[in-house]
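Here is a short briefing on one protein chain. Please look over the sequence and the model before reading on.

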Amino acid sequence: MLIKLIKLAFVILIVGYSSWGSAAPVTSYVPSGTCNTNNVVLRSMMLSGGSEELLSSAHSASSCLVFAGNDDGHANDPIVNIGQKNDGLLNTRYGASNDLFFIEPEDLQNLDNQPLGVADDPGWIQLASVNADMQVNYDQAGPIVPGGLSLSIDDLLNMTFNCVAGRRGECTSVNWVIETDPGIIGDVSQLLGAASFDHLAFSIKVAKGFIIYDFDFIDIFQQELANDPASSLNFQTPYKLSGSLDTDDFGNPQGNSTQAISHLNVWARDPADPTQVMEPSSFGILVIALLGLMIARISRKSMLVRW
């Protein structure tokens, strides 16, 4: 009887994500809001543990969206955190047009096979949250079934956020670094192969609103290839990313200064088909290159568990 109840609870959990109307972010999109992508910048990309710069130039965020309200809390935080529809803020939709966050409908995936054979999952995974003191709280991915596999993201990543303007707890400008431990790459890739992320997003919460800044690595790597056709970026290599972000988009009510960061949330998106990202040549992607496939394997294998 207990096992049947567990099964039923899990079915209810999965079915709860099966309709776009069943979960909505506790936020309000501000279509008239303005944001400047130059306020969040990718400044460096190196081999993990290396010192040679691989980018030909710095890259501002590809796009940004303005919201009123809060970007976390019970309604907006993911539960399973493998990118399922409605599981976490970026896996919902926003605005009067019911838009997806930074992706197109053809980018949707079938991560949980719910409904059967339907690709309706955006694929966004929350990596970590960062408080006002710039302390990082890493997230977990999975399990998607009771007692199933899970992945602690801090086993793969090291993130640092250093305040460079403002006092502790009242920061207005940050330097950030995201790096993979190169020591785990060989063993894990031999077992699971390679994977990629095609987006990295920073959600910055200040006062009564937040702005999400997205890096589209398909576009960024196309720019890099145009600048340097001999670019060595590839799927199998772990990278160290670093950059900056500030709150210049968040002026105070008097308009004479910027406001301090309340918290940050960091998200990444795993594409359904890495070959789509690789065209017209192999694009290396992020520091977190293994996380996506590990989660995909967790998802597919766990869904086959017989109760």
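Residues are numbered from 1 along each chain as its sequence is written, and side-chain values use heavy atoms, with hydrogens and water left out.

**Confidence**

- The chain averages a pLDDT (the predictor's confidence in each residue, from 0 to 100) of 78, and 70% of the residues score at least 70.
- Confidence is lowest in helix α1 (residues 2–16), at a mean of 33, and highest in strand β3 (residues 59–60), at 98.
- Helices (H or I, at least four residues) and strands (E, at least two) are DSSP runs, numbered from the N terminus.
- Residues 1–24 have a pLDDT below 50; this stretch has 36 contacts (heavy atoms within 4.5 Å) in the model beyond near neighbours in sequence.
- Residues 273–307 also have a pLDDT below 50, with 101 contacts in the model beyond near neighbours in sequence.
- Where pLDDT is low, the predicted coordinates should not be read in detail.

**Sheet**

- An open sheet is formed by 5 strands in the order β3-β2-β15-β12-β11, with antiparallel pairing.
- Two strands pair if DSSP finds at least two bridges between them.
- The edge strands, β3 and β11 (157–167), each pair on one side only.
- Strands β12 (residues 170–180) and β15 (residues 239–246) pair in the antiparallel sense over 7 bridges.
- N175 has S244 in β15 as its bridge partner.

**Salt bridges**

- The structure holds 3 salt bridges, each a side-chain nitrogen of Lys or Arg within 4 Å of a carboxyl oxygen of Asp or Glu.
- K85 forms a salt bridge with D120, with the closest N and O atoms 3.0 Å apart.
- K85 lies in the loop between β4 (63–69) and β5 (93–94) and D120 in the loop between β6 (99–100) and β7 (124–130), so this pair ties together parts 35 residues apart in sequence.
- Buried means under 20% relative accessible area, exposed over 50%, and partly exposed in between (1.4 Å probe, protein chains only).
- K85 is buried at 3% relative accessible area, and D120 is buried at 6%.
- D198 and R269 meet through their side chains in a salt bridge (2.7 Å, N to O).
- D198 lies in the loop between α2 (185–192) and β13 and R269 in strand β16 (residues 263–269), so the pair ties together parts 71 residues apart in sequence.
- D198 is buried at 5%, and R269 is buried at 2%.
- E170 and R167 also form a salt bridge (2.8 Å, N to O); E170 is partly exposed at 39%, whereas R167 is exposed at 60%.

**Two buried residues**

- E224 lies in helix α3 (residues 217–227).
- E224 is buried yet has no salt bridge; R43, the nearest side chain of opposite charge, is 13 Å away.
- For charge, Lys and Arg count as positive and Asp and Glu as negative; His and the chain ends are not counted.
- A polar atom of the E224 side chain lies 2.9 Å from the backbone nitrogen of S56.
- E224 touches L54, L55, S56, S57 and H59, not counting residues up to four places away in sequence.
- H199 lies in strand β13 (residues 199–206) and is buried, with a relative accessible area of 4%.
- The H199 side chain makes a polar contact with the side chain of D214 (2.9 Å).
- A polar contact is a pair of N or O atoms within 3.5 Å; within protein, one must be able to donate a hydrogen and the other to accept it, and residues adjacent in sequence count only if both atoms are side-chain atoms.

Notes. This is a predicted model: local features need pLDDT of at least 70, side-chain atom pairs count only at pLDDT 80 or more; totals for chains, interfaces and linings use all residues.
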